[in-house]
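Please look over the notes below alongside the model. They go point by point.

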Amino acid sequence: QQQQHQRSWRLHPCQEDRMPGQTSALFLAHAQQFSQTQFALTREGTRLAANDDRIKPVLQKLFFLEAPLRQDVLFCTLDEAFPEGPSPRTSTGILSGLAKRGAEDIILHVLSWHDMREYELNYYHFNAAIDACAQKSVWTKGLQLFVSMAQRRIDSDTFTFNAMITACEKGGEWGKALQVCSVMLQRKVESNIV
């Protein structure tokens, strides 16, 4: 059953003969939805940061880490800020704040820190990470996160797919973008096409 579940998440070639016009329409409509995704993530992150005094100082420390980024230094920074671990809402605020700046490298390390410390990760966290990858046109990292969500059995939503499509589009991977559109249709994810 687990293998069957994982197979259902694989990217399949776009089958426009079975879905005439639908994939193209979805692909053309995603740009407006993606801007709404970025706005929602930024708005949510800003709101959470305003309600948690620990988020803003942590973001400042993360932004000013010296390059090249050292994972051990980043982990120590987060351990000091959250000795008992962050709440899921706090993690959302941090990752959304990082996504706003397109800091995909820092985000990937923050996700690794959650994994190493066995802290909760949900689709809000992955959406923020994929959003950052889309802003920086690093579609391969976005795809890795997209696949990781499936492996963790974390549901993807419209925001996830829109960000992933944009990451592929900005990277010039039009075929991959159409494949993601196809998966979106197969999974009957809401597309909000008008």
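1. Start with accessibility: buried means under 20% relative accessible area, exposed over 50%, and partly exposed in between, with a 1.4 Å probe and protein chains only. At 73% relative accessibility, Glu118 therefore counts as exposed. Glu118 sits in the loop between α6 and α7. Its phi is near 60°, a positive value in a residue other than glycine.

2. Ground rules. This is a predicted model: local features need pLDDT of at least 70, side-chain atom pairs count only at pLDDT 80 or more, and totals for chains, interfaces and linings use all residues. Residues are numbered from 1 along each chain as its sequence is written, and side-chain values use heavy atoms, with hydrogens and water left out.

3. Overall make-up. The protein has 10 helices and 0 strands. Helices (H or I, at least four residues) and strands (E, at least two) are DSSP runs, numbered from the N terminus. Of the 194 residues in the protein, 44% are buried. Contact here means heavy atoms within 4.5 Å. Among contacts with a separation of 6 or more, 74% join residues 24 or more positions apart.

4. Helix packing, α4 on α6. Two packed helices are described by the angle between their axes and the distance between the axes. Helix α4 (residues 71-81) packs with α6 at an angle of about 65°, and the axes are 10 Å apart. Axes are lines fitted to C-alpha atoms, for helices over the stretch in contact; angles run from 0 to 180 degrees between N-to-C directions. The crossing of α4 and α6 is right-handed. By convention, a crossing is right-handed if the near helix is turned clockwise from the far one by less than a right angle, and left-handed if anticlockwise.

5. Who makes that contact? From α4 come Gln71, Leu74, Phe75, Leu78 and Asp79; from α6 come Ile106, His109, Val110, Ser112, Trp113, Met116 and Arg117. The residues of the contact of α4 with α6 divide into 7 nonpolar, 3 polar and 2 charged. The classes are as follows: Ala, Val, Leu, Ile, Met, Phe, Trp, Tyr, Cys and Pro count as nonpolar, Asp, Glu, Lys and Arg as charged, and the others, Gly among them, as polar.

6. Tyr119 lies in the loop between α6 and α7. Its relative accessibility is 23%, so Tyr119 counts as partly exposed. Not counting residues up to four places away in sequence, Tyr119 touches Phe82, Pro83, Glu84, Gly85, Pro86, Trp113 and His114. Tyr119 and Ser87 are 32 residues apart in sequence, yet 8.6 Å apart in space, C-alpha to C-alpha.

7. The end of that loop: Asn122. Asn122 lies between α6 (104-117) and α7 (123-135). Is Asn122 buried or exposed? Asn122 is buried, because its relative accessible area is 16%. Leaving out residues up to four places away in sequence, Asn122 touches Pro88 and Ile154. At the start of α7, a side-chain oxygen of Asn122 reaches to within 3.0 Å of the backbone nitrogen of Tyr124. For reference, a polar contact is a pair of N or O atoms within 3.5 Å; within protein, one must be able to donate a hydrogen and the other to accept it, and residues adjacent in sequence count only if both atoms are side-chain atoms.

8. Helix α7. It is mostly covered: 10 of its 13 residues are buried. Among them are His125, Phe126, Asn127 and Asp131. From first C-alpha to last, α7 reaches 18 Å, close to the 18 Å expected at 1.5 Å a residue. The expected span is 1.5 Å times one less than the number of residues. Just after α7, Ser137 takes a positive phi of about 60°.

9. Ser96, in α5 (residues 88-100). Ser96 counts as buried, because its relative accessibility is 3%. A polar atom of its side chain lies 2.8 Å from the backbone oxygen of Thr92. Ser96 and Phe126 are 30 residues apart in sequence and 9.9 Å apart in space, C-alpha to C-alpha.

10. Helix α8 and what follows. The buried residues of α8 include Trp139, Leu143, Phe146 and Met149. After α8 comes Arg153, with a positive phi near 60°. Arg153 is in the loop between α8 and α9 (158-170). With a relative accessible area of 47%, Arg153 is partly exposed.
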